[in-house]
Amino acid sequence: MTNEATAQPFYKNIPRKRQAKTDFQKTHSNEAPSFEKKTAFFERPPVAVKRVMKLFDREKIPADAKAILDDFDAIIQGVRPLNAKQRTLLSKDIANLSRALTSERSERRMGYMNETTALTAYAHYFTWWNLVRLTRLFASLPADSFALADGDFCLDIGSGPLTVPIALYLSRPELRAKSLTWYCLDYSQNSLALGEDLFLSVAARLGGECAWKIIRVKGGIGTSIKHKAALITSANMFNETLGEGEANLELLAKKQALALMSYADTGSEDARKNPSILVIEPGVPLAARFISLLRAALIRRSYGVLSPCPHFQECPMNGQRHGKNGRAGKWCNFAFSTLDAPKKLLKLSENAKLPKDRAVLSYVFVRLNAKEPPLTSPLFRIASDKIRLDGHKTGHYACTADGLSLLVDGKPMRIELCSGDLVELSEKKTKDSVKSLPRDEKSGAFIQTVVRK
């Protein structure tokens, strides 16, 4: 355990960079996507899909990692064994903890993860589900996403039982042999201790000598660490501090963006470095709104988006509330089916009366000085499930540099797209070509018909 003096932030000398609004946002800045299903279609020649890159491709998870995920309860049992009575009460304890994290969150004590019952329930249910989510995401990100080298330092804020380091170790085998030092930061010493035991057990099962070093640090965001980090991560941490309202959310996002950046290893004047920041939150409106505001604050400080956004422009799905009823607009989140999740985990969820058929998250992954794709790049990030449309058509809403788009299948059921997919079309976009496309009357999304080659 380490206690270190507060690090001096570097960000005061970084020039601020404005985000340019697209033509779509200038025209529809006060409109929230309604996701109207009845859309008037105009005849336009369809554009061919060049390629589709999956965001949650289970086949990219290494086979040895899949085996561990399927049997993760055995790893927990090996580290912190439960007796027969505790196993009988586990489902009830999980249900109680779930209520404490959701409907009764205002009554939850800050140190709840130091309580043995709560921590046990969290590890068996929430940690396991989070590993399912994160391994899918991490394994599917491009090969150069985690550009870490021997000797690099990493920081996981709100680490709990080390879910992010464990998920990264499982899903990215090219990193396992690298000499990385992880600062794992959390208020709960018991949670960090359990997490380190789980991590070491997972690493032992995967074989070979583990080259990663874990340093447990008690505290929250803002607590100092000895070394600057090449990678800063946080998962499901900010959601616990957002409360129930949206008051001052933009100010909070700016403040937390600066706090995250203060940990980043930017190198020296002679040898600059480009650190990365990855923040993942539950795919609920308030957390997604925070992610959108955090993204904007980081872009203004010269951080470019690696994923999920196919552009650095203003977010067209920022979850901003509109109208007298304060209804949230479309918020950016991605989901996948859990039908192929570990069977024992699905059974445990049913026993706790918390069945889950979808896993959902919102996230932003940025790197200092990353380059933006050309605005003519025909990239569309799918941001909805399949929608039934008029004329026996189907489609998906998608994010682009030109704002919200509605991708319509040229032939029913011809193109199987899923939430999170990054779709590249065969033709580059131009301002004139986008302006000429029809618009969804309610959401303002431009309608693009696509077909397979």
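**A chat about buried elements, rings and cavities**

Q: What covers the buried residues of H6?
A: In this predicted model, the cover over the buried residues of H6 includes helix H2 (63-70), H5, E2, strand E3 (181-186), helix H7 (189-206) and strand E5 (231-235).

Q: How many residues of helix H6 are buried?
A: Nine of the nine residues of helix H6 (residues 163-171) are buried, so the helix is largely enclosed by the rest of the structure.

Q: Which are the buried residues of H6?
A: They are Thr-163, Val-164, Pro-165, Ile-166, Ala-167, Leu-168, Tyr-169, Leu-170 and Ser-171.

Q: Which residues form an aromatic cluster with Tyr-169?
A: Tyr-169 forms one aromatic cluster with Trp-182, Phe-199 and Trp-212.

Q: Where does Gly-160 lie?
A: Gly-160 is located in the loop between E2 and H6.

Q: And is Gly-160 buried or exposed?
A: Gly-160 has 7% relative accessibility and therefore counts as buried, the limit being under 20%.

Q: With which residues is Gly-160 in contact, leaving aside neighbours within four places in sequence?
A: Apart from those neighbours, Gly-160 is in contact with Asp-186, Ser-191 and Leu-192.

Q: Turning to aromatics, how many aromatic pairs does the count come to?
A: The count comes to 14 aromatic pairs.

Q: Why is the pair of Phe-146 and Phe-365 tilted?
A: The ring planes of Phe-146 and Phe-365 stand at 35°, with the centres 5.4 Å apart, so the pair is tilted. An angle under 30 degrees would count as stacked, and one over 60 as edge-to-face.

Q: Which parts of the chain does that pair link?
A: The pair links distant parts, 219 residues apart. Phe-146 is in the loop between helix H5 (116-140) and strand E2 (153-157), while Phe-365 is in strand E11 (residues 358-368). Phe-146 and Phe-365 are both buried.

Q: Which residue lies over the face of Trp-129?
A: Lys-356 does, at 5.5 Å from the ring centre. Likewise, Lys-330 is placed over the face of Trp-331, at 6.0 Å from the ring centre.

Q: Back to E11: in which sense do E7 and E11 pair?
A: E7 and E11 are antiparallel, with four bridges. Within this pairing, Gly-304 stands opposite Arg-367 in E11.

Q: How many residues of strand E7 are buried?
A: Four of the five residues of strand E7 (residues 303-307) are buried, so E7 is largely enclosed by the rest of the structure.

Q: How many cavities of 30 Å³ or more does the structure hold?
A: There are four cavities of that volume. The largest cavity has about 90 Å³ of space.

Q: Last topic: over how many bridges do strand E1 and strand E17 pair?
A: Strand E1 (residues 47-53) and strand E17 (residues 446-452) pair in the parallel sense over three bridges. The bridge partner of Val-47 in E17 is Val-450.

Q: How many bridges join E1 to strand E16?
A: E1 is joined to strand E16 (residues 422-425) by four bridges, and these strands run antiparallel. In E16, Leu-422 is the bridge partner of Met-53.

Conventions:
Residues numbered from 1 in each chain as written. Predicted model: local features only at pLDDT ≥ 70, side-chain atom pairs only at ≥ 80, totals over all residues. Heavy atoms only, no water. Phe/Tyr/Trp six-rings, centres within 6.5 Å; stacked < 30°, edge-to-face > 60°. Helix = DSSP H or I, 4+ residues; strand = E, 2+ residues; numbered from the N terminus. Buried < 20%, exposed > 50% of the residue type's maximum accessible area, 1.4 Å probe, protein only. Lys NZ or Arg CZ within 6 Å of the ring centre and 35° of its normal. Pairing = 2+ DSSP bridges. Contact = heavy atoms within 4.5 Å. 1 Å grid on protein atoms, 1.4 Å probe; cavity = no way out; pocket = protein on both sides within 12 Å on 5 of 7 lines; lining within 4 Å. Points joined across faces, edges and corners; volume = space filled by probe spheres on them.
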